[in-house]
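Here is a short note to read alongside the structure. Please keep the viewer open and follow the points in order.

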Amino acid sequence: MKVVIVGGVAAGMSCAARLRRMDERCEIVVFEKGAYVSFANCGLPYHIGGVIGDRARLLVQTPETLKSTLNLDVRVFSTVTALDVSAKKVSVLESKTGRTYEESYDTLVLTTGAKSLKLPLPGMDHPAVFELRTIRDMDAIQARIAAGAKQAIVMGGYIGIEAAENLRLRGLDVTVIEKMPQLMGPLDPEMANLLKDELVRQGVRVLTGCGATGFEDRNGKIAVKLERGEPIVADFVVFAPGSQPNADLARAAGLKLGQYGGIAVNERMQTSDPAIYAGGDAVESVDLISGRPVYIPMAGPANRQGRIIADNICGRDSRYRSTQGTAILKVFDLTAGMTGLNEKTLQRLGLAYHKVYLSPYGHADYYPGTSPMQMKLLFAPDGARIYGAQIVGRDGVDKRIDVLATAIRGQLSVWDLEHLELAYAPPYGSAKDPVNVAGFIACNLLRGDVALWHADEIDRLPPNACVVDVRTSAEFNLWHVPNAINLPLGQIRAKVATLDPTRAYYIYCRVGRRSYLAYRILKQHGLKVKTLSGGTDIFHAFHPTEQPDPCPTTPTTTAMNTDTKTARVVTLDCMGLQCPGPIVKLNEALASLSAGDMLEIKASDPGFPRDLNTWCRAQGHEFVESRNIPGGILARIRKHAAVATTSASASEPAPSSGRRKKTFVVFSGDFDRVMGVLVMANAALAMGNEVTLFFTFWGLSAIRKEQAVATPGKSLLDRMFGWMLPRGLSRLTLSKLNMGGMGTAMMKHVMKQKHVDSPQQLLTQARAKGAKLVACSMSLDVMGLRPEELLDGVEIAGAATFLSEADESNVTMLM
Ligand code: FAD
């Protein structure tokens, strides 16, 4: 039997090697148009970055080694140019000599791989535009870098991201351009945003939703013209926009193709001609979950298909079952794993599903070297099928995505995930493995033990929704969901009676653990509650513009400054601690330092860089620098000379520098006086000041909800106060010349004619610009008002808070 294989890398060589192992007498000829067979194309980006130092390590086999070990006839620089399926012959062009000849076969195997999607962009043929598919492409990019290239532009999917990381590791200025609104199409957008964050953190510029329109020469450099904005100029471009099947030979020979243009094959990898098999990136296959055709060009399917082809050629009945799109990607310190269908695809296919997010640790959090991963699990409404999973994190992602991929392949249900017995010791996992926890949460949802809301629903919450942050006030003050109120978990039992049973409480915390506990308390008190799946970590991933700026990170390769002459340097290890742990420790540590001392803090909590930046700004400490270390960041901050660190408790925020802060005390409930305060507050905000509006006594009317709120259990006296006090800004009246309401109406009319903003508009503007509204707890109590009668997002605090706000302010006005 003579088998001819066209294409000598993953699928082709896997087939050839298996064939030989199965049949010692078979004649096997492999044609490869390139210079190398069986090379590690997946390793190409890493040689560019210097991670794989020795280029020869990528060249797994040579024609000579394959001849001596497997007795294969491997012919490189040999392009198969045509198939004659009736005569069972292929035409071959030897590119080195120009010789052409024909080779006969009994069985033909087409493993011609993929080719890059060609975009019809002007200037694509510029010599500074490179693909990254072959050793030759890699060598050409290396040569550019060796010749002094400093800036690179990368366009494309996961190969592009790998290239971006590795070019950055070589010290280049790298810009990633992506036409789609997100990176990495196989991930859902919120998960892909986590990767974008990491790229940006590592100094890569990322432009999403911004396609290239062409390339232009700029004095030896290359300019990429964009759909919007100025062109970007660089020394070269890596263009890896995705793959399409290389099915040209098959098409020309009249073999059947599929809907993605890949060679159509049956389960035995046979084409429409029974003497011809095909596999790898050249074919399309069937999706495990949907049963529909898919084109997912990956090395795993290619290798397995090569082996199956060999088995069938040797007379075995071996079948390729389906593809499920399991993939993994390294993005600097992060790993992204995915398997099965994503949410976008489920929606496109019209399949009903549930989703849960969780942030488990890669291994026991008390054992060094771990941090939380973000996990998303998609499953059928009855839990019987797991549709897909996506995980992004630093530690243990590979293990979990593979367990979930196996669960999907084995058709396990989410109920089964609860029962998986997975390896555990502190350095490797947790007694409740992240996969078990995903099962627990999914099953809690299905059993009705928890009700979830998702960050993408924030703009569609019902009118009676009240968003409640159950984190500590320190965390709340660093950042919170717009219009949320703060009710820390520790206070919920004490305050549950004050909550309005007619409202729907949308609660959240950082990752979902505390809010689940709060959920259980509130639910058992008969309240309508939902808890945010994945917490603020996932909320930020959905709404990246809502998050505070992370602290800038210096490139990993750059050493940090150590100004040891002027400062005592104290180190603090917060690896493995989750928010607010690092901030609490930081606050405690600073308390023992003197002004000018330096604190060096290591933390693995992914949210910490953002918290740190906000915290330093708020506290007036100097953020010196930060850089990435394995599994986290190492940041340095200097205790500010003017700052005395207060309580070490995270629930008591320390004072800020006080340079640009204004506090207004709204004592009056008169229209004109409140109006005056709001005008001043907006002016102060516009000048870049922080503003706190402290409402007390009659001023509370201004922040009452306009509609009546049920307040069961109020005493008659309290209710009477409630009736007498105006409900909201629209009901306030002038302090003078009110004339039974006529004067106020006239004033409003004149203001409207003269285009003066109403108090409602002024308050909205002030809040949008970040004004903090605080209601005096004592006045609330005296006037018999309840927190739920106030506008959402108003904080409740006492005189101490007012005094500390005033302390930090350089202007305090009482109205
Ligand atoms: P290929 O490996 O591409 O081999 C096809 C061969 O056929 C080529 O060498 C080509 O020269 C030859 N050929 C084509 N036409 C002819 C002809 N007419 N005559 C003779 N020879 C011909 N996958 C993963 O799963 N994980 C990864 O991390 C990963 N990283 C990657 C990184 C890079 C930079 C690249 C390029 C790919 C990566 N892939 C990865 C994809 C993976 O390499 C492919 O899915 C896999 O190699 C496909 O195997 P194949 O045999 O079908 O095609």
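1. A term comes before the points that use it. Buried means under 20% relative accessible area, exposed means over 50%, and partly exposed lies in between, with a 1.4 Å probe and protein chains only. By that rule T335 is buried, because its relative accessible area is 19%.

2. Some ground rules. This is a predicted model, in which local features need pLDDT of at least 70 and side-chain atom pairs count only at pLDDT 80 or more, while totals for chains, interfaces and linings use all residues. Residues are numbered from 1 along each chain as its sequence is written, and side-chain values use heavy atoms, with hydrogens and water left out.

3. The overall build. The protein chain has 24 helices and 39 strands. These are DSSP runs, numbered from the N terminus: helices are H or I with at least four residues, strands are E with at least two. The C-alpha atoms fill a box of roughly 105 × 60 × 60 Å along the principal axes. Of the 815 residues, 54% count as buried.

4. Contacts and surface. Contact means heavy atoms within 4.5 Å. Among contacts with a separation of 6 or more, 68% join residues 24 or more positions apart. The protein chain exposes about 34,900 Å², and carbon and sulfur atoms supply 55% of that area. Accessible areas come from the Shrake-Rupley method with a 1.4 Å probe; for residues, only the protein chains shown count as cover.

5. The ligand shell. Which residues come nearest to the ligand? They are A11, E32, V80, D281 and A299, out of 29 residues around the ligand. A residue is near if one of its heavy atoms lies within 4 Å. At least two shell residues come from each of α1 (10–22), β4 (78–84), α5 (158–169) and α8 (299–313). Strand β4 gives the most, with three residues.

6. E32 places a polar side-chain atom 2.6 Å from a ligand oxygen atom. For D281, a polar backbone atom is 2.7 Å from an oxygen atom of the ligand. N246 has a polar side-chain atom 3.5 Å from a ligand nitrogen atom. On its own the ligand has 1,000 Å² of accessible area, and the protein covers 88% of it.

7. T335 sits in strand β22 (residues 334–340). Beyond its neighbours within four places in sequence, T335 contacts I328, L329, I391, V392, G393 and V397. V176 is found in strand β11 (residues 173–178). V176 counts as buried because its relative accessibility is 1%. V176 and I153 are 23 residues apart in sequence, with C-alpha atoms 5.9 Å apart. Leaving out residues up to four places away, V176 touches V154, A164, L183, V204, R205, V206 and L207.

8. Two backbone angles to check. Most residues other than glycine have a negative phi. K88 is not a glycine, yet its phi is positive, about 55°. K88 lies in the loop between β4 and β5 (89–94). Is K88 buried or partly exposed? K88 counts as partly exposed, because its relative accessibility is 31%. N483, also not a glycine, has a positive phi of about 70°. N483 lies in the loop between α13 (473–478) and β28 (485–486).

Note on methods:
A polar contact is a pair of N or O atoms within 3.5 Å; within protein, one must be able to donate a hydrogen and the other to accept it, and residues adjacent in sequence count only if both atoms are side-chain atoms.
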